[in-house]
2 protein chains.
Amino acid sequence: MLERISYRPLDCDSLPLRLGDRAELVAALGPATEWRVREVGDGNLNLVFIVESDEGSLVVKQALPYARVVGESWPMSLDRAFFEHEALKRLGARDSGRVPDLKLFDPAQALLVMEHLTPHKVVRRALIEGEELPHLGEHLGLYLARTLFRGSDWSMPTAARKADLALFAGNVELAGITEELVFSDPFKDAPLNRYTPGLEATAQAVRADRALKIAAQEMKARFATCAETLLHGDLHTGSVMATADDTRVIDAEFALYGPMGFDVGVLLAHLWMAYFTRKAHRPDARAAARAGDQLLATAEICWRLFAAEFSRLWRTERTGILGGRDLFEDQGDAVGSEAALARHLDTVWRDALGFAGIEIHRRILGLAHVAEFEAISDLGLRAALERTALAFGRHLAVNRHDMDTVNAVNRIARSMEGR
Amino acid sequence: MLERISYRPLDCDSLPLRLGDRAELVAALGPATEWRVREVGDGNLNLVFIVESDEGSLVVKQALPYARVVGESWPMSLDRAFFEHEALKRLGARDSGRVPDLKLFDPAQALLVMEHLTPHKVVRRALIEGEELPHLGEHLGLYLARTLFRGSDWSMPTAARKADLALFAGNVELAGITEELVFSDPFKDAPLNRYTPGLEATAQAVRADRALKIAAQEMKARFATCAETLLHGDLHTGSVMATADDTRVIDAEFALYGPMGFDVGVLLAHLWMAYFTRKAHRPDARAAARAGDQLLATAEICWRLFAAEFSRLWRTERTGILGGRDLFEDQGDAVGSEAALARHLDTVWRDALGFAGIEIHRRILGLAHVAEFEAISDLGLRAALERTALAFGRHLAVNRHDMDTVNAVNRIARSMEGR
């Protein structure tokens with residue numbers, strides 16, 4: 001899909017030489033001789049540079065032909081830069097202002113230049129450090145509703161939707177990573193798995209847990225077969241940057257068509273993992289209590305705003321082939337349309353709980369862990385908190401049909417922590 | 001997708017002139033001067049010719065650039081010949097011998113040459129005429145299991161499966177016909193709808209039936225978003241030809257990725273519609289009773305063989321990313337794999353009932369009707385039988401979660417007829 005003949009990875013020295021003639025960068029930064037470059041990539045897959053001058057700053061993200069988290073032994077297609085660019089264009093159009101401004105895409109170099117978000121922090125880091133992000137739940141709830149609804153057959157012209165489905169079906173390599181690392185590895189003795197010392201018996205119990213594994217397989221089938229809407233595909237708190245007032249979604253290379261509940265559930269899982277680890281990062285008990293209340297409130301607001309905005313779009317923008325306005329409103333039956341909405345939201349909610357439960361498992365027992373747990377140096381404490389989070393995740397995945405509200409789930413989180 | 005510059009519809013006179021230089025035809029039929037041609041198309045979309053000589057016979061099927069059932073006012077893409085050819089190749093590979101042998105595909109002429117099935121009859125016609133087809137249920141049950149399993153992520157390499165998904169996403173026009181004519185039109189006052197005089201109140205009651213319309217919308221969403229496997233997409237008894245010993249599936253131009261239950265449910269719907277109309281075509285009560293037993297037995301055998309063969313493939317060919325052998329058998333837990341199988345078959349069954357219920361509605365209240373009903377000249381009798389079938393179809397669609405076995409559904413068919 002991409003022209004790769006001249007692909008070479010950038011570094012801090014070569015970047016100004018190689019990008020210094022690009023009008024988009026010069027317009028923002030001035031001449032390349034004045035650029036200051038630093039590499040800040042801490043993700044699993046890419047190079048990320050911040051390029052600054054006295055006139056401004058930009059971010060340059062370049063895909064590597066292997067998975068950085070593992071090394072050159074895991075080759076990866078550069079096409080993901082293409083899919084990220086296509087996805088960010090769509091997500092930005094569907095919820096204006098919620099992704100970084102895009103300045104330049106160079107397919108040959110698998111390279112994307114975009115707005116440098118500053119003073120934004122990665123949300124995962126901000127939450128660990130105790131920052132308050134009062135608008136986070138609201139912004140992400142609205143983002144989820146708008147992007148998931150507007151990328152679906154409830155909203156889009158069906159020919160455009162199916163063409164997009166076909167396009168993103170090409171992102172098979174990154175879909176395969178999710179299918180393997182998220183839905184399978186944590187539930188077997190996979191070579192890439194790793195976990196905190198002390199969790200051996202827990203990992204073994206997970207591998208013997210038939211109900212959990214059946215749930216994992218069912219959620220994997222939902223993920224692989226339910227081509228409902230364009231997902232971000234990796235919407236954890238490390239894929240969101242925020243200030244007290246602003247929230248931005250980044251890192252969309254895992255974008256693909258999938259079930260609405262996936263993005264919702266992954267995000268909620270990371271808020272709940274932040275909840276279970278907050279005390280370890282806050283010696284002060286009152287600060288920890290306050291942070292716990294805020295994290296659960298963020299999860300609640302996120303779901304409630306999602307449901308409210310999704311309902312608003314359902315009522316006002318149901319223009320696609322699944323709209324069904326012809327069967328309900330056009331026949332004077334607005335109540336039928338509301339009943340259909342309630343049933344759809346219920347499906348998204350059950351899916352979200354299932355995906356959240358699986359995501360928690362993969363972040364504790366699989367390859368890619370999260371700083372909330374990894375930054376806890378007391379391994380006994382870390383393992384104990386991880387066991388609590390796993391018990392919670394299992395409950396979500398296996399009993400997802402028995403929890404009707406986000407408040408009910410938040411209460412379960414509180415009660416499991418109290419045990 | 002197709003080169004159309006030189007497309008012209010064939011007729012009986014021009015066919016030997018235009019195809020007489022094709023080696024595939026000459027090899028089977030001898031020189032074109034000896035060919036005898038007749039047009040036999042009675043479907044909704046295409047020209048179909050039987051070309052015979054003393055040496056043999058072949059079928060030539062050519063797509064028309066409009067929908068034959070409506071006329072030139074409904075233009076249709078010729079690409080459907082391409083998708084039919086691609087689909088028949090795959091379906092034939094997945095269940096060997098169950099589709100006609102393909103001799104030639106000419107994309108420019110949207111033309112497919114294949115084996116002339118003889119003395120096969122279209123199954124719908126054979127069932128109306130009282131022929132016994134003792135292997136029909138078995139053959140179609142096996143066909144459904146093999147094609148639906150082997151086109152899915154339970155079986156296929158995922159990159160090939162996703163490439164196929166992308167390819168068939170291009171068959172958007174025919175998918176759109178199904179989405180509109182099957183799932184929407186019957187439940188509203190659509191211009192293309194038609195129905196037997198006397199059904200006005202019934203049609204009106206359907207349009208006011210909120211639970212049924214919600215079910216129709218849910219099944220439409222399953223159809224449009226659940227890209228589980230390559231479907232035939234129009235597997236009614238007019239798309240099957242049979243003798244007492246052989247069964248062949250034809251007419252795959254509606255092929256697309258969708259939920260397994262769709263092909264299963266559409267087929268069962270037509271067997272049940274044949275059941276409800278059998279007495280009208282058999283003055284002899286004992287013949288009608290025997291035909292009724294056989295039709296319900298065919299439905300039962302079809303589902304049972306589907307489930308048995310699907311289970312066999314699940315146990316022996318689960319090689320795709322959804323296989324899950326790594327979570328179950330490889331960890332010594334064959335029981336877990338059986339539990340996952342049972343849950344998957346249950347989903348296919350509920351879907352099949354939902355789709356069957358919707359299919360019955362569209363064949364009685366929508367544009368495209370079926371000969372079982374249309375051939376009943378007594379309009380009062382026809383309307384009465386259609387009302388019974390609609391009540392049965394509504395029960396399937398709305399209460400699909402309450403009927404656990406094909407025998408339970410067959411008993412409901414018998415009891416509804418008795419009312």
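Predicted model: local features only at pLDDT ≥ 70, side-chain atom pairs only at ≥ 80, totals over all residues.

Analyst: Between domain 1 of chain A and domain 2 of chain A, 14 residue pairs are in polar contact, with both residues at pLDDT 80 or more. Two elements of chain A, β5 (71-75) and α3 (79-94), each supply at least two residues of the side of domain 1 that touches domain 2. The most comes from α3(A), with 10 residues. By type, that side of domain 1 of chain A divides into 13 nonpolar, four polar and 10 charged residues.

User: Where does chain A divide into domain 1 and domain 2?

Analyst: Domain 1 covers 14-115 and domain 2 covers 121-418. The centres of the two domains of chain A, taken over C-alpha atoms, are separated by 26 Å. Domain 1 of chain A puts 27 residues into the contact, and domain 2 of chain A puts in 32 residues.

User: How much area do domain 1 of chain A and domain 2 of chain A bury between them?

Analyst: They bury about 2400 Å², and 62% of it is on carbon and sulfur atoms. In domain 1 of chain A, the residues that lose the most area to domain 2 are A:F83, A:R94 and A:R98. Together these three make up 33% of what that side buries.

User: Why is the pair A:E253 and A:K61 called a salt bridge?

Analyst: Set the distance against the cut-off. The N to O distance between the side chains of A:E253 and A:K61 is 3.2 Å. The rule asks for a Lys or Arg side-chain nitrogen within 4 Å of an Asp or Glu carboxyl oxygen. Because 3.2 Å is within 4 Å, the pair counts as a salt bridge. Between domain 1 of chain A and domain 2 of chain A, the count is seven salt bridges.

User: What makes A:D246 and A:R98 a salt bridge, and which parts does the pair tie together?

Analyst: Their side chains come to 3.5 Å, N to O. That is within 4 Å, so the label holds. A:D246 lies in the loop between β10 (240-242) and β11 (247-249) of chain A. A:R98 lies in the loop between α3 and β6 (102-106) of chain A. The pair therefore ties together parts that are 148 residues apart in sequence. Over all chains, a search of the whole structure finds 93 salt bridges.

**Where two chains meet**

User: How many residues of chain A and chain B are in contact?

Analyst: On chain A, 45 residues are in contact with 45 residues of chain B. The two chains bury about 3700 Å² between them. Of that area, 60% is on carbon and sulfur atoms.

User: How do you know that A:D326 and B:K188 form a salt bridge?

Analyst: Apply the test again. The closest N and O atoms of A:D326 and B:K188 are 2.6 Å apart. That is within 4 Å, so the pair qualifies. Across the interface of chain A and chain B, the rule finds eight salt bridges. The polar contacts there come to 22 residue pairs, with both residues at pLDDT 80 or more.

User: Which elements give two or more residues to the side of chain A that touches chain B?

Analyst: They are α6 (158-168), α7 (172-181), α9 (210-225) and α12 (334-365) of chain A. Of these, α9(A) gives the most, with 10 residues.

User: What makes the relation of chain A to chain B that of a two-fold axis?

Analyst: A rotation of 180 degrees superposes chain A on chain B, with 0.0 Å of shift along its axis. The RMSD is 0.0 Å. That rotation is why the relation is that of a two-fold axis. The same surface serves both copies: 100% of the contact residues of chain A recur in chain B.

**Backbone details**

User: Which peptide bond of chain A is cis, and where is A:P119 found?

Analyst: The cis bond runs from A:T118 to A:P119, with omega near 10 degrees. A:P119 is in the loop between β7 (111-115) and β8 (121-122) of chain A. In chain B, a cis peptide bond joins B:T118 and B:P119, with omega about 10 degrees.

User: What is the phi of B:A110?

Analyst: B:A110 has a positive phi of about 50 degrees, although it is not a glycine. B:A110 sits in the loop between β6 (102-106) and β7 of chain B.

How values were computed:
Residues numbered from 1 in each chain as written. Chains lettered and ligands numbered in written order. Heavy atoms only, no water. Contact = heavy atoms within 4.5 Å. Buried area = accessible area lost by both parts, 1.4 Å probe. Polar contact = N/O pair within 3.5 Å; in protein donor to acceptor, adjacent residues only side chain to side chain. Helix = DSSP H or I, 4+ residues; strand = E, 2+ residues; numbered from the N terminus. Least-squares fit on C-alpha atoms with pLDDT ≥ 70 in both. Domains from an automatic or database assignment. Nonpolar A, V, L, I, M, F, W, Y, C, P; charged D, E, K, R; others polar.
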